[in-house]
Amino acid sequence: MTTRPLIEIVDDDDDVALSLAALLDRYGYDCRHYPDATTFLDTTGPRSACVLMDVNMPGLSGLEALDHHVRAIGAAPVIMMTGHGDVAMAVDALKRGACDFIEKPFDDSDLVARIETARRVAEPEQEQAVLKKKFSLLTKRETEVMLEVVEGAANKMIAYRLGLSPKTVEIHRARVMEKTGAKSLSHLVRMAMKAGIDPDQARPTTSDEEP
């Protein structure tokens, strides 16, 4: 059974949220409604395909919530919504990290098109952010071994280059596979490429300075 993409609606107007949910249901989306920005930010677990966030809400505003949301690893793309927008507000939202800005009332097909565009643009960025986080968990030595592995070096060559025993290289290599979740050497290489890791360039920041 195919899982329907989830859209999160952050709006204090229940009627707007219900209308949006009914519309998006017809286009094959599931929806989750949050009555305020604080409730949305406090919710944990996998995020959605896209967030529809109202600008003006009691308490924490949509723009303030956006500031918090975009800092999260793999944050879902956000389309800001408002019934009283202007150019300055739209520019501010985009500078803060929103992928789009739309005024109420919506044209149904236009809204859905904007959601689809936001998803296509955001997916590679989300994946890269998640992969970078995984590689950042490696120690300095594990990173060095990983870079050699990604370049295609065999364990004996890695041991020679790094001044380690082949057994120690095997241990570090196993830890690299475990921490990144790579299922095979080719999978590790693909993950490194998608994360933007280039062995010929500067080494990425690591979690410690293990000798």
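**Stop 1: Thr 168**

Select Thr 168, which lies in helix α8; helices (H or I, at least four residues) and strands (E, at least two) are DSSP runs, numbered from the N terminus. This is a predicted model, in which local features need pLDDT of at least 70 and side-chain atom pairs count only at pLDDT 80 or more, while totals for chains, interfaces and linings use all residues. Residues are numbered from 1 along each chain as its sequence is written, and side-chain values use heavy atoms, with hydrogens and water left out.

Thr 168 has a relative accessible area of 27% and is therefore partly exposed (buried means under 20% relative accessible area, exposed over 50%, partly exposed in between, with a 1.4 Å probe and protein chains only).

**Stop 2: α7 against α8**

Select residues 155-162 (α7) and 166-180 (α8); they pack at an angle of about 105 degrees, with axes 8 Å apart. Axes are lines fitted to C-alpha atoms, for helices over the stretch in contact, and angles run from 0 to 180 degrees between N-to-C directions. The two helices are therefore roughly perpendicular (65 to 115 degrees; under 35 is roughly parallel, over 145 roughly antiparallel, the rest oblique).

Show side chains for Asn 155, Ile 158 and Ala 159 in α7, which meet Pro 166, Val 169, Glu 170 and Arg 173 in α8. Contact means heavy atoms within 4.5 Å.

**Stop 3: α6**

Next, select residues 140-151, the twelve residues of helix α6, which reaches 17 Å from first C-alpha to last, close to the 16 Å expected at 1.5 Å a residue (1.5 Å times one less than the number of residues). Ten of the twelve are buried, so α6 is largely enclosed by the rest of the structure. Among the buried residues are Arg 141, Glu 142 and Glu 144.

Glu 148 is also in α6 and counts as buried at 7% relative accessibility. Beyond four places in sequence, Glu 148 touches Ala 153, Ile 158, Arg 161 and Leu 162. After α6 comes Gly 152, with a positive phi near 100 degrees.

**Stop 4: confidence**

Colour by pLDDT, the predictor's confidence in each residue, from 0 to 100. The chain averages 85, and 88% of the residues score at least 70. Confidence is highest in strand β1 (residues 6-10), at 95, and lowest in helix α9 (residues 185-194), at a mean of 80. Finally, select residues 202-211, where pLDDT stays under 50 and the model has 20 contacts beyond four places in sequence.
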